[in-house]
Amino acid sequence: MKGKNDLKSINRSAVEDSRFGKGCYATIPIREGETICFFTGEETTWKESEIRYIKELDRLDDPFQISETKYLELYEPYIYFNHSCNPNSGFRGENEMIAIRDINPGKEITYDYSTVTWDDRWARIHGAWIMECRCEEENCRKIVGDFLTIPGPQRIEYLKLGVVPNFIIKKIKKLYRKEKNLFSINLENQPRESD
Ligand SMILES: [Zn+2]
């Protein structure tokens with residue numbers, strides 16, 4: 001996993017109070033396409049995360065999915081980045097957070113939680129992950145779920161921006177092979193999965 005000891009890039013943001021408890025705010029100007037940080041945490045499996053959830057050690061939306069089977073129990077400050085339905089950042093590869101537009105100092109850095117969540121086994125056993133959203137963006141989805149709950153055009157926009165993690169691209173390709181018309185986008189130009 002990239003950026004395990006990446007302390008430099010996190011200096012681009014600081015944790016402060018937000019209307020949702022805490023949030024992460026840019027401390028320097030961040031340009032579109034720049035790396036903001038690499039999310040890090042204790043690597044766990046789907047099963048371990050499930051046990052933590054059942055024992056109520058975890059909230060359902062705490063673990064950060066990085067592959068079909070692996071999650072991160074995020075360290076601080078990564079747990080404080082909030083969701084937005086109209087975010088200014090997203091994830092590339094496994095855990096690299098990049099800006100999808102210019103972010104000025106003082107602006108909250110957000111990402112769309114749905115772009116990093118898609119676990120069919122979890123959905124089968126516990127029901128699909130959902131979260132109520134009050135981001136108040138014009139396009140707020142109100143109820144946020146896994147990747148497939150993102151409206152089609154926005155999903156395509158995220159793919160074009162390159163902020164869909166590898167494991168999800170892999171899943172889309174699998175689905176796409178089955179349902180040729182489900183995603184009207186050429187996936188051949190998307191990054192290749194590393195595993
Ligand atoms: Zn929202």
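Strands here are DSSP runs of E with at least two residues, helices are runs of H or I with at least four residues, and both are numbered from the N terminus. Two strands count as paired if DSSP finds at least two bridges between them.

Some background on the model. It is predicted, so local features need pLDDT of at least 70 and side-chain atom pairs count only at pLDDT 80 or more, while totals for chains, interfaces and linings use all residues. Residue numbers start from 1 along each chain as its sequence is written.

Phe64 has Leu72 as its bridge partner in S6, and Gln65 stands opposite Tyr71 in S6.

Next, S4. This strand pairs with S6 over 5 bridges, in the antiparallel sense. Glu43 has Leu72 in S6 as its bridge partner.

Taken together, 3 strands make an open sheet, ordered S4-S6-S5, with antiparallel pairing. Strand S4 (41-45) and strand S5 (64-65) are at the edges with a single partner strand each, so one side of each has no neighbour in the sheet.

Last, the helix. H1, residues 46-54, lies across S4 and S6 and runs at about 100 degrees to S4. Axes are lines fitted to C-alpha atoms, for helices over the stretch in contact, and angles between N-to-C directions run from 0 to 180 degrees. Contact means that C-beta atoms, placed from the backbone, lie within 7 Å.

Definitions and conventions
Contact = placed C-beta atoms within 7 Å.
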